[in-house]
Each structure stands twice: as structure tokens, then as C-alpha cells.
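I opened a new notebook page for this one and wrote down what I looked up, step by step. Come along and check each entry against the picture.

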Amino acid sequence: MKKMIKNGTIITATETFNADVLIDNGKVTAIGLDLPSAGMEVIDAKGCYLFPGGIDPHTHLEMPFGGTVSKDDFESGTIAAAFGGTTTIIDFCLTNKGEPLKKAIQTWHAKSKDKAVIDYGFHLMIGEINERVLAEIPQVIEEEGITSFKVFMAYKNVLQADDETLFRTLVMAKKHGALVMVHAENGDVIDYLTKEALAAGNTDPIYHALTRPPEIEGEATGRACLLAGLAESQLYVVHVTCAEAVDKIAEARNKGFTVYGETCPQYLVLDQSALEKPDFEGAKYVWSPPLREKKHQQALWNALKSGQLQTVGSDQCSFDFNGQKDLGKGDFTKIPNGGPFIEDRFSVLFSEGVKKGRINVNEFVDIVSTRSAKLFGLFPQKGTIAVGSDADIVIFDPEIERTISVNSHHMAVDYNAFEGLKVTGEPVSVLSRGEFVIRDKQFVGKPGMGNYLRRGKHVQLSNRAKVEALQ
Ligand code: URP
Ligand code: ZN
Ligand code: ZN
Ligand code: ZN
């Protein structure tokens, strides 16, 4: 049956207006004032915003890491995402050296296929470059629609790749229209600093942050930007946390390099002092790069506002405090790295960003949805509310006040890193391709209703900072 959403305020990355939205066969088929609705299911969105569904470009669901597996899988993780207003995720498919890329992709299809309740795509990790990998990459792009590749510059002896691998991946990406993503920290220096800390008996969670200082993120970010410029390729720096890294991205963009940056809600609202909580509770806040001193938050907000950073991803990689994080009691290097953010990314950015006047509501949509659709080959199917686009729509009440808590979240883990944070605004109902996943704050979807997304090639975003510099 056709659906008609009435009385809402549509917000896109560029417009704010009141109109009815007609949904037929999973797509938005008309937008206009006072559209006829006889014989349709009418949804009243009075007092609410209609946002395009959030796109989370950075998740790790059911990912083997740190001697365990991240707790939220494609079922609990995508249900939590939907509650939070996210209707598309792009998860990182990890590869193993010496194994075909396609084998890893099959593993990720098997994890997700009958579980996801929202649409999903994969980025693919490149851990080595050789003739086999080079031959497989064009096939992966054509057959799987995977058009973004991730290179880790940290996690020595686990995920870390060398600069040759990064450079050759950049060259390959330029040739085939893909986007290269980097985790930018200097893994070699971190390896030295962590060994030194342990040898000195410094084993508490706070040493996770102290052995990965912002200079090390700035160095790796600058190196990756420089290599992207040299290769005349395109680069996306994931989870940017600090002024040092923002400066390197801004410098590269001002030179005209095609470089983008993402930050995460945790870096915008939490700080390094969380790692000092007593009774090992600091372990709840151990992920990489680490939380920073509070002063870095302003640099991140400024960069989002000015367009030097384009997106906010969750970096969802959740582990229970009891039974997983505690693997690192007595040795911070054994705390599994990651946290639970897939559910709260959207609302925290709305509340801390829009409600606190740091970004406007259209910039919010751009950051939480539209730019990821554009960067990762999903626009205009995803990332906007327009005739012909998928009817991925969040009916969002911008005035509800609530407190984030493990007691009300839908993620599978036993804590929430934003516990006690008061936010304004909440998704009331969420539609994925025209079907309700969340209706009046209740889950009404079904595992397996999410589709795998074959994505298009990378298309350059306009470089707003570059244009301003030329004026
Ligand atoms: O600590 C983190 N961020 N865990 C997930 C893997 C990564 O580095 O993104
Ligand atoms: Zn990372
Ligand atoms: Zn990550
Ligand atoms: Zn309402």
C-alpha cells in the first residue's frame, strides 16, 4: 500500500520546507503540498522533522579483534542503528594476508545476510599488495560494488600495512575510481611506546591514551595526505580526533588534494579523563585513536562547521565491560579496542551540534547522511529525500528530552559510553525503503530485511575550503 507522510518538515542538506511525502514501492514518488492521500496509509508527522535516514560510514559488527569478537552483530547492531535514526551502514570487511579478497567478502556476506534490518555495504581492508591482490581489486569493484578500501597505519603485527601498500593502494584507487580510507596513527612508534610503558609497570587504561599521543596521529595523517597528493588519488581519513590531524587535512585540502576526514561523536563530547575512572572503568573508554584532552573538541567542531571534516561515523566496535574489556586487567594493551556508538551517533550530533548552535540543521543532514552517500557511491539512492530516492526516512521529534543510558539502549553491550548524557531530540519512527523498521519507538522490522548495497565509484565532493581560499 502507498504511504503518505503528512505535516512534517523535510530537512535535506540544502533545504528546509514543509511538504507531504508520497512513498510507493520503497521509493519517494512525490513531494508537495496537500497531496491527495485517499486509499493510502497516512502517517502524521506533526511537529516532527523528516530527515533522510542516517548513513553510518564506519562500523565493525561481529569483528574478530583483540582476542575476542565485537559483541554487536549485524542483527543487534542494525536494530540499534535503526532505533537511533540510521538506515544505512558501511561495515569494514577484514582480510587475511595470503587469502583471496573474495573469501573475506564471503565471510562478511555470511555474517550479515539474514541478520541486517537496514541496508548495508562493505569497505574492504587491504593489508598487502601483490599481483593477486591487484588482479582481484577490479573484480571486487565490478562484481561486489565495493568502491572503498581501508589501509591501517597502526596495530603493528595485526592489521598494520606499510607505506608501500598504502601508496600502491592509492595508485590503484585512482585508476579504478575508488576511495582509500586510512586509520592514521604511527603504529611503529606506538609499538615502542607501549612496550616502554609496560616495562615501567604502567599498565592502567590511561596508558592506552598516553602511549598514542596526538602527534602520532598528526604524523600519520600528514604522511597519508602527502602520499595521496603524490599519487593524485583520493583519501578519506577515518576517526580524526585532534587538532594535529585536522591541521594536516586542512593543509592538504588547501593545496587542492582530494582528502576528506571523518570524526566520531565520542571525540566531540568525551575526553581523555574518562580513561582514569577508578575500578578499571577507564577500560570502557579504550579505543583507537584514544580520547583526547578537552581542548581538541573545539578543533573538531570548527572543522565540521568549516567543511574541512565532512562526516561523522560511529566507529561502532562494541565489547562488554564484563567478560571482554576485562581481558586487559593488568595490561592495557590487552583491552579490546572499541566502543558502542552506532545507536547514539545521530542523536548526539543533533543535540550537541544543532541544539547547541554549533552546526545548523542542514549541515547536520550533510554530515550525518548526505556526504557519506556522495563519497561512497550511494547518492542519490541514499542520503536525501527526493523523488526517486529510496524512502529511508527518519521521523524525528526535535524537542523530546531524554538521558542516554545502558538501561534504554538497544545495543548488545553492558554499558553505554554516553551514560547520563542529556540529549534533545529522538527518532520516533524510521522507514527503510518505505517499510517501518521502528514505529512509535518500537522495533517492527525483521532480520534479513536489509539489502546488500553495491556502490558506485567515488565522485569528488566540492572542496568548499579550497573555494574559500581562492576568493
Ligand atoms: O578502537 C577502535 N577504533 N576499534 C575499531 C577498529 C578501528 O581502529 O577502527
Ligand atoms: Zn581505526
Ligand atoms: Zn574503526
Ligand atoms: Zn512528534
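The entries below go from the whole chain to single residues.

**Entry 1: the whole protein**

I started by noting that this is a predicted model. I then looked up the secondary structure and found 13 helices and 21 strands. For the overall extent, I put the C-alpha atoms in a box along the principal axes, and it came out at roughly 70 × 50 × 50 Å.

Next I asked how the radius of gyration fits a compact globule. For 471 residues the rule expects a value near 23 Å, and the protein has 21 Å, so the two agree. I also noted that 55% of the 471 residues count as buried. Among contacts between residues at least 6 apart in sequence, 77% join residues at least 24 apart.

**Entry 2: the nonpolar core**

I reminded myself that in soluble globular proteins nonpolar side chains tend to be buried together. Here I found that the largest nonpolar core has 141 residues. Which residues have the most contacts inside it? They are L50, V182 and A224.

Leaving out residues up to four places away in sequence, V182 touches V151, M153, L166, A224, L235, V237 and V238.

**Entry 3: around ligand 1**

I listed the residues around ligand 1: H60, H183, W287, S288, D315, C317, N337 and G338. Sorted by class, this shell has 2 nonpolar, 5 polar and 1 charged residues.

The bond from S288 to P289 is cis, with omega near -10 degrees. P289 sits in the loop between helix 9 (265–269) and helix 10 (296–306).

**Entry 4: what the record says**

I turned to UniProt, where an unreviewed entry places "domain: Amidohydrolase-related" at residues 49–437. In the model, the end C-alpha atoms of that span lie 17 Å apart, and the span is 35% helix and 20% strand.

The unreviewed entry in UniProt also places "modified residue: N6-carboxylysine" at K150. I found K150 in strand 13 (residues 148–152).

**Entry 5: helix 1**

I looked at helix 1 (residues 76–83) and found 8 of its 8 residues buried. What covers them? The cover includes strand 8 (54–59), strand 11 (86–93), strand 19 (422–432), strand 20 (435–439) and strand 21 (442–443). After the helix comes G85, with a positive phi near 100 degrees.

I picked I367, in helix 12 (residues 361–375). I367 counts as buried because it has 24 C-beta neighbours inside 10 Å. Its contacts beyond four places in sequence are L304, T311, V312, L349 and I359. I367 and T311 are 56 residues apart in sequence, yet their C-alpha atoms are 4.5 Å apart.

Then I went to T29, in strand 5 (residues 27–32). T29 is partly exposed, because it has 16 other C-beta atoms within 10 Å. T29 touches L22, I23, D24 and V387, not counting residues up to four places away in sequence. T29 and E75 are 46 residues apart in sequence and 30 Å apart in space, C-alpha to C-alpha.

I noted another cis peptide bond, between F379 and P380, with omega about 0 degrees. P380 lies in the loop between helix 12 and strand 18 (393–403).

Last, I checked for positive phi values in residues other than glycine. H239 has a phi near 30 degrees and lies in the loop between strand 15 (234–237) and helix 8 (243–254). H239 counts as buried because 23 C-beta neighbours lie inside 10 Å. R433 has a phi near 45 degrees and is found in the loop between strand 19 and strand 20. R433 is buried too, with 21 other C-beta atoms within 10 Å.

Note on methods. Residues are numbered from 1 along each chain as its sequence is written. Chains are lettered from A and ligands numbered from 1 in the order in which they are written. This is a predicted model: local features need pLDDT of at least 70, side-chain atom pairs count only at pLDDT 80 or more; totals for chains, interfaces and linings use all residues. A residue is near a molecule or strand if its C-beta atom, placed from the backbone, lies within 6 Å of it. Ala, Val, Leu, Ile, Met, Phe, Trp, Tyr, Cys and Pro count as nonpolar, Asp, Glu, Lys and Arg as charged, and the others, Gly among them, as polar. A nonpolar core is a set of buried Ala, Val, Leu, Ile, Met, Phe, Trp, Tyr and Cys residues joined through C-beta atoms within 7 Å. A residue is buried if 20 or more other C-beta atoms lie within 10 Å of its own, exposed if 12 or fewer, and partly exposed in between; C-beta atoms are placed from the backbone. Two residues are in contact if their C-beta atoms, placed from the backbone, lie within 7 Å. Helices (H or I, at least four residues) and strands (E, at least two) are DSSP runs, numbered from the N terminus. The radius of gyration is taken over C-alpha atoms; the globule rule is 2.2 Å times the number of residues to the power 0.38. UniProt positions are given in the numbering used here, feature names are shortened, and annotations may be inferred rather than shown by experiment.
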